Amino acid sequence: MSNITIRNARPEDAKAVHRIYAHHVETGKASFEEMAPSVEEITERRQKIINAGAPYIVAEWNGTVHGFAYAGSFRPRSAYRHTVEDSIYVDPAATGKGIGSALLSGLIERCTQLGYRQMVAVIGGADNLASINLHKRQGFEEVGHLKSTGFKFGDWVDTIIMQRPLGFGSDTLPDNSGPTE
């Protein structure tokens with residue numbers, strides 16, 4: 001894990017992020033997208049996350065981007081403003097190197113510093129044990145299992161919802177109107 005660097009994503013990372021995400025969209029059920037977005041769309045999505053004041057990070061391993069993660073609004077209604085949903089994808093050529101753990105730890109740390117109180121993971125596939133176990137190791141608990149909510153590659157796909165508190169979680173009231181307001 002010593003060769004892994006977590007840093008904020010930059011515009012020039014869009015091609016690497018696209019390459020990693022396109023693999024997962026085209027070959028797996030973790031994402032419910034069925035067509036990989038373009039590099040331009042990836043760039044726009046990253047900018048929206050950053051404009052909302054949330055983190056979008058990448059993992060470099062031996063100097064090359066091999067994973068990315070970001071936190072977005074869990075739901076658009078204002079009462080959800082203290083809760084974020086994480087997304088995390090690792091280059092299939094670099095799994096098992098601790099990149100996912102480093103990314104999720106970095107994302108949790110940044111979101112906690114920004115004042116968010118809850119993080120939710122919406123995981124495609126009850127058989128997506130790599131993601132489920134990654135989140136469990138980082139303190140997430142399974143709080144929901146939605147059956148057959150997706151349909152991809154000719155099969156129904158369940159959705160697993162996991163959650164963990166950030167900072168004081170719900171033990172105290174937030175100090176202000178919201179982390180990004």
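Tutor: Helices, of at least four residues, and strands, of at least two, are DSSP runs, numbered from the N terminus. In this predicted model, the elements run β-α-α-β-β-β-α-β-α-β-β from the N terminus on. That order comprises four helices and seven strands. The chain has a radius of gyration of 16 Å, close to the 16 Å that the globule rule gives for 181 residues, so it is as compact as a globular protein of that length. Taken along the principal axes, the box filled by its C-alpha atoms is roughly 40 × 40 × 30 Å.

We may now turn to the cavity. Counting those of 30 Å³ or more gives one cavity, and the volume of the largest cavity is about 60 Å³. Its lining consists of Tyr 21, Ile 42, Arg 45, Tyr 56, Phe 68 and Tyr 70. Two or more of the lining residues come from each of helix H2, residues 39-51, and strand S3, residues 64-73. In terms of class, five residues of this lining are nonpolar, none is polar and one is charged.

Some of these residues also take part in a contact between two helices. The axis of H1, residues 14-27, comes within 9 Å of the axis of H2, and the two cross at roughly 105°. An angle of 65 to 115 degrees counts as roughly perpendicular, which means that H1 is roughly perpendicular to H2. On the side of H1, the contact is made by Ala 14, Lys 15, Val 17, His 18 and Tyr 21, while H2 supplies Val 39, Ile 42, Thr 43 and Arg 45. Tyr 21, Ile 42 and Arg 45 therefore belong both to this contact and to the lining of the cavity, where contact means heavy atoms within 4.5 Å. By class, the residues of the contact are five nonpolar, two polar and two charged.

The largest pocket has a volume of about 1,000 Å³. Its lining is made up of 49 residues, and Asp 86, Ser 87, Ile 88, Tyr 89 and His 135 lie nearest its centre. H1, H2 and S3 are among the elements that give two or more residues to this lining, as are strands S4 (83-90) and S5 (118-124) and helices H3 (99-113) and H4 (129-137). The largest share, eight residues, comes from S4. The pocket lining has 22 nonpolar, 16 polar and eleven charged residues.

Definitions and conventions:
Residues are numbered from 1 along each chain as its sequence is written. This is a predicted model: local features need pLDDT of at least 70, side-chain atom pairs count only at pLDDT 80 or more; totals for chains, interfaces and linings use all residues. Side-chain values use heavy atoms; hydrogens and water are left out. On a 1 Å grid over the protein atoms alone, a cavity is a set of points where a 1.4 Å probe fits but cannot get out, and a pocket is an open set with protein on both sides within 12 Å along at least five of seven lines; lining residues have an atom within 4 Å of a point. Grid points are joined across faces, edges and corners, and a volume is the space filled by probe spheres set on the points. Ala, Val, Leu, Ile, Met, Phe, Trp, Tyr, Cys and Pro count as nonpolar, Asp, Glu, Lys and Arg as charged, and the others, Gly among them, as polar. Axes are lines fitted to C-alpha atoms, for helices over the stretch in contact, and angles run from 0 to 180 degrees between N-to-C directions. Angles under 35 degrees count as roughly parallel, over 145 as roughly antiparallel, 65 to 115 as roughly perpendicular and the rest as oblique. The radius of gyration is taken over C-alpha atoms; the globule rule is 2.2 Å times the number of residues to the power 0.38.
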